[in-house]
Amino acid sequence: MNVIATDINLKLREGELIGLVGANGIGKSTLLRTLSRVQPALHGKILLSDKELTTYKPIELASQLSIVLTEKIASKNLTVQELVALGRQPYTNWVGKMTDEDLEQTKKAIEVTHITDLIAKRCFELSDGQLQKVLIARAIAQDTPFIMLDEPTTHLDVYHKAYILKLLKRLSFETKKTILFSTHEIDFAIQLCDKMIVLNKNGFEFGRPKELVQCRAFSSLFPEDLILFDTKSSRYKVRN
């Protein structure tokens, strides 16, 4: 048994965008997988909507929490419309028949993520950035109060990294959903997030980005022989 982190105690609120940052191997993905019950916690309790996570039945949990992990999708031969509609699986009957409500939620998810022009395409035809938007749309169609994403900007260029994070910011504000995501885009996260979780070798820091900048939470994340965190600009800079 390898303990990654201990004594993590925090509360995430409705309508907040929360960024989870830290160095490679510090435990970001492990924390997300634990919070989403993909893997069990070693100790402690996780409460979701004031109910202990372990007491949820799978179908009940799927109506409260949607996740976008780094695993590849089962079939890239699905159309965009079909993949987004899979988000309604917790609500459809045993034959998967879509109701008017399911169709409406799927339509809303497609519209809010601006992928209407992609719905007839098959997933293997999409760029990485387009596929990431489709996976987010599937999570939105699931219509849960809590969404988790593991590094949603991986393999994207700088424009599409910013686009995805701005999209998450807009969704958290407009839909009042709580969105937690891990990222290496610390500079962008500082600009866009309501709160941030900073994992480091000594534990974690949690708070508003400005507060974390002031308490130098980002300054100790990486060795200072190569990069320094500039508190005035809230950005990392390469040491000359």
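**Pockets, salt bridges and local backbone features**

The largest share of the lining of the second largest pocket, four residues, is supplied by β4. The model is a predicted one, in which local features require pLDDT of at least 70 and side-chain atom pairs count only at pLDDT 80 or more, whereas totals for chains, interfaces and linings use all residues. Residues are numbered from 1 along each chain as its sequence is written, and side-chain values use heavy atoms, with hydrogens and water left out. Helices (H or I, at least four residues) and strands (E, at least two) are DSSP runs, numbered from the N terminus.

A pocket is taken as an open set of points on a 1 Å grid over the protein atoms alone, at which a 1.4 Å probe fits and with protein on both sides within 12 Å along at least five of seven lines; its lining residues have an atom within 4 Å of a point. Grid points are joined across faces, edges and corners, and a volume is the space filled by probe spheres set on the points. The second largest pocket holds about 520 Å³ of space, and 24 residues line it, those nearest its centre being Ser66, Ile67, Val68, Arg138 and Gln142. Two or more lining residues of this second largest pocket come from each of α2 (58-61), β4 (65-68) and α5 (128-141). With Ala, Val, Leu, Ile, Met, Phe, Trp, Tyr, Cys and Pro counted as nonpolar, Asp, Glu, Lys and Arg as charged, and the others, Gly among them, as polar, the lining of the second largest pocket divides into 15 nonpolar, six polar and three charged residues.

The largest pocket contains about 1,300 Å³ of space. It is lined by 40 residues, of which Leu10, Leu35, Lys45, Ile46 and Leu47 are the closest to its centre. At least two residues of the lining of the largest pocket are supplied by each of α1 (28-35), β2 (47-48), β5 (146-150) and β7 (195-200), and α1 gives the most, with four residues. By class, this lining of the largest pocket comprises 21 nonpolar, 11 polar and eight charged residues.

Helix α1 was also examined for burial, where buried means under 20% relative accessible area, exposed over 50%, and partly exposed in between (1.4 Å probe, protein chains only). The buried residues of α1 are Lys28, Leu31, Leu32, Thr34 and Leu35. Viewed down the axis of α1, these buried residues fall within an arc of 165° and therefore line one face of the helix, the arc being that of the directions from the helix axis to the C-beta atoms. The buried residues of α1 pack against β1, β4, β5, β6 and β7, with contact meaning heavy atoms within 4.5 Å.

A salt bridge is defined as a side-chain nitrogen of Lys or Arg within 4 Å of a carboxyl oxygen of Asp or Glu, and a search of the whole structure finds eight salt bridges. In one of them, Lys195 pairs with Glu16, the closest N and O atoms being 2.9 Å apart. Because Lys195 lies in strand β7 and Glu16 in the segment before β1 (17-21), this pair ties together parts that are 179 residues apart in sequence. Lys195 is buried at 11% relative accessibility, and Glu16 is buried at 9%. A salt bridge also joins the side chains of Asp143 and Lys177 (3.1 Å, N to O). This pair links distant parts of the chain, 34 residues apart, with Asp143 in the loop between α5 and β5 and Lys177 in the loop between α6 (158-175) and β6 (178-182). Here Asp143 is partly exposed at 34% relative accessibility, whereas Lys177 is buried at 7%.

Positive phi values occur in two residues other than glycine, Arg37 and Asp50. Arg37, with phi of about 65°, is found in the loop between α1 and β2 and is partly exposed at 28% relative accessibility. Asp50, with phi near 65°, is placed in the loop between β2 and β3 (51-52) and is exposed, with a relative accessible area of 76%.
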